[in-house]
Amino acid sequence: MENDPSFVVLAGTYERILYGLNAFVSHSENGSLICTLEPVFIFPAHLSCIKSIAASPPKSSASQSRRTYLATGSTDETIKVYDLRTKREIGSLGHHKGAVTQLAYFRTEHLITAGEEGDIAIVRTHDWTVLKTLTGHKSAVTGLAVHPTGKLALSVGKDRLLKCWNLSTGTCAYASKLKTASVPDRVRWGTGNANIYAVGADRTIEVFRVDSGDDSATLEGVGRINSFEFVSLKGPGEGAVVELIVTGGEDRMITLWDIKGKPLARWNSGHASRIKDLSIMPLSAEEPSNPPAVALITCSSDGAIRVWDLLSCIERSRLPESSESMPNPATTISANTNILLDPIGEYNCDARVTCLTSTKVTYRKKDAAPFRPNAKRSIEDVEADDTDGFETDVGGDEEDATAGSKPVVKVSIGDTDPEDVESTLKRAPKNKKFVQRRDNGNNGRERGGFKHKGGEKNKEFGRGGKRDGKRQKNN
């Protein structure tokens with residue numbers, strides 16, 4: 001569509017409000033970038049605080065679905081799933097027994113979720129079935145990252161364990177006890193160089209190499225680092241790519257580091273409170289000779305969401321080279337803390353933002369109406385509408401789906417071809433759509449199906465149940 005945004009910014013808040021913003025990037029008369037943020041939807045998505053958020057990445061291959069999914073996790077122990085392309089709510093997932101702490105997509109085919117109870121679940125977006133539950137953490141999972149190939153995943157938790165999961169087999173490849181005084185709260189794979197990963201804990205970030213498992217560098221901030229992301233930028237020389245790390249935290253500063261732990265640029269974000277989360281969104285280059293622009297999106301507890309031209313900010317906030325008088329990185333970055341740069345776009349949520357993500361979406365022309373959650377839609381409407389994510393072919397679209405075809409269940413979410421594991425599902429609850437936790441004196445048993453609210457009592461429509469709720473009364 002002509003009016004499709006450059007990208008979409010999605011944010012969750014303490015006040016359980018979900019924000020969706022279209023970002024339109026253009027050039028001003030002097031050639032600088034301008035970003036206009038326009039709200040697409042604002043509504044209460046959960047019963048309590050939104051703790052985690054994730055969006056499926058843009059389409060990267062012809063076999064990948066054109067859909068763009070959004071998932072939000074809350075302290076109300078549920079996950080809400082939305083189709084951004086059609087601007088519709090798909091439903092809820094309730095397979096965790098505590099707050100949903102981490103969410104991550106691998107392409108559009110699988111959603112990886114983690115909870116406060118320490119479990120990690122692999123969910124297939126074809127029919128939103130939990131294929132495998134990975135257990136091993138003794139307490140809450142605080143960080144989760146999926147390898148770009150989809151074959152591996154990293155997780156960290158309050159038990160100070162770093163676990164590497166083989167997603168092809170659904171088993172733990174190895175576990176390591178982190179030697180950190182603070183609880184690790186974030187883990188990320190490198191983007192351009194997937195052979196490195198980083199773990200954040202309080203004010204430090206340790207960079208590790210996959211081949212050796214040893215830490216190759218340590219980044220130490222001035223205050224607590226709440227969020228960081230890897231970013232690949234064009235380096236000197238033809239085809240050269242430089243891997244860097246962007247951080248934001250309690251000191252409201254944005255810092256750019258190399259993977260050896262050296263700070264390169266630093267500027268004041270202008271946020272009135274701490275930087276809570278950040279996201280990286282590469283933009284397409286208008287001219288092949290120019291390097292593609294990169295948008296940095298930050299959010300704060302003050303409610304502000306700001307968009308930055310990362311390349312321009314780096315040029316205007318470069319740090320002086322370390323010397324004998326300033327050998328310590330902490331001393332080096334403190335020498336450049338007064339640079340206050342203006343963002344290219346800003347939006348005020350009037351709420352305390354807790355988490356943020358971004359992606360690219362191509363909207364449907366027929367879905368130009370404002371976004372509305374479909375909480376009142378009937379089960380027949382959801383099952384009959386194949387635009388709500390219930391595809392009949394994994395990774396396909398509604399145009400490519402084959403009616404009546406039976407999906408093949410696999411544990412693997414990577415680019416591998418493992419054996420089918422239908423026996424895994426035979427041991428699991430045979431729910432077709434979602435599992436909602438239920439506690440009404442039924443000894444904690446779970447029941448498949450949607451959970452709808454009507455009147456004073458909640459009615460749950462599971463397999464074999466009647467809509468009027470008279471089944472138990474007749475028995």
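This is a predicted model: local features need pLDDT of at least 70, side-chain atom pairs count only at pLDDT 80 or more; totals for chains, interfaces and linings use all residues.

User: Which residues is leucine 37 in contact with, leaving aside its neighbours within four places in sequence?

Analyst: Leucine 37 is in contact with Val9, Leu21, Asn22, Ala23, Ile305, Val307, Gly345, Glu346 and Tyr347.

User: Why is tryptophan 189 called buried?

Analyst: The term buried requires a relative accessible area under 20%. Tryptophan 189 has 8% relative accessibility, and therefore counts as buried. Tyrosine 197, at 3%, is buried because its value also falls under 20%.

User: What kind of aromatic pair do tryptophan 189 and tyrosine 197 form?

Analyst: A pair of aromatic rings is described by the distance of the centres and the angle of the planes. Rings pair if their centres lie within 6.5 Å, and planes over 60 degrees apart count as edge-to-face. For tryptophan 189 and tyrosine 197 the values are 5.7 Å centre to centre and 65° between the planes, so the pair is edge-to-face.

User: What kind of aromatic pair do tyrosine 197 and phenylalanine 208 form?

Analyst: Their centres are 5.3 Å apart and their planes make an angle of 15°. Planes under 30 degrees apart count as stacked, so this pair is stacked. Tyrosine 197 lies in strand β17 and phenylalanine 208 in strand β18, so the pair ties together parts that are 11 residues apart in sequence. Both tyrosine 197 and phenylalanine 208 are buried. The model has eight aromatic pairs by this rule, and Phe41, Phe43 and Tyr82 form one aromatic cluster.

User: How do you know that β17 and β18 pair?

Analyst: Two strands pair if there are at least two bridges between them. Strand β17 (residues 196–201) and strand β18 (residues 204–209) have six bridges, so they pair, in the antiparallel sense. Isoleucine 196 has arginine 209 in β18 as its bridge partner. The hairpin of β17 and β18 has two residues between the strands, and aspartate 202 there takes a positive phi near 55°. Strand β18 also pairs in the antiparallel sense with strand β19 (residues 215–220), over five bridges; glutamate 206 has threonine 218 in β19 as its bridge partner.

User: Why is one side of β24 and of β27 left without a neighbour in the sheet?

Analyst: The sheet in question is open, with four strands in the order β24-β25-β26-β27 and antiparallel pairing. Strands β24 (275–282) and β27 (345–348) stand at its edges and each has a single partner strand, so one side of each has no neighbour in the sheet. Four bridges join β26 (residues 304–309) to β27, and arginine 306 stands opposite glutamate 346 in β27.

User: How do you know that lysine 87 sits over the ring of tyrosine 363?

Analyst: The distance from the charged end of lysine 87 to the ring centre of tyrosine 363 is 4.5 Å.

User: Is lysine 163 buried or exposed?

Analyst: Lysine 163 has a relative accessible area of 8%, which is under 20%, so lysine 163 is buried. Lysine 163 lies in strand β14 (residues 161–166). Its contacts beyond four places in sequence include Gly136, His137, Tyr174 and Ala175.

User: What makes threonine 68 buried?

Analyst: Its relative accessible area is 4%, again under 20%, and threonine 68 is therefore buried. Threonine 68 is found in the loop between β4 (50–55) and β5 (69–74), and its contacts beyond four places in sequence include Tyr82, Asp83 and Thr359.

Notes
Residues are numbered from 1 along each chain as its sequence is written. Side-chain values use heavy atoms; hydrogens and water are left out. Rings of Phe, Tyr and Trp (its six-membered ring) pair if their centres lie within 6.5 Å; planes under 30 degrees apart count as stacked, over 60 as edge-to-face and the rest as tilted. Buried means under 20% relative accessible area, exposed over 50%, partly exposed in between (1.4 Å probe, protein chains only). A charge sits over a ring if NZ of Lys or CZ of Arg is within 6 Å of the ring centre and within 35 degrees of the ring normal. Contact means heavy atoms within 4.5 Å.
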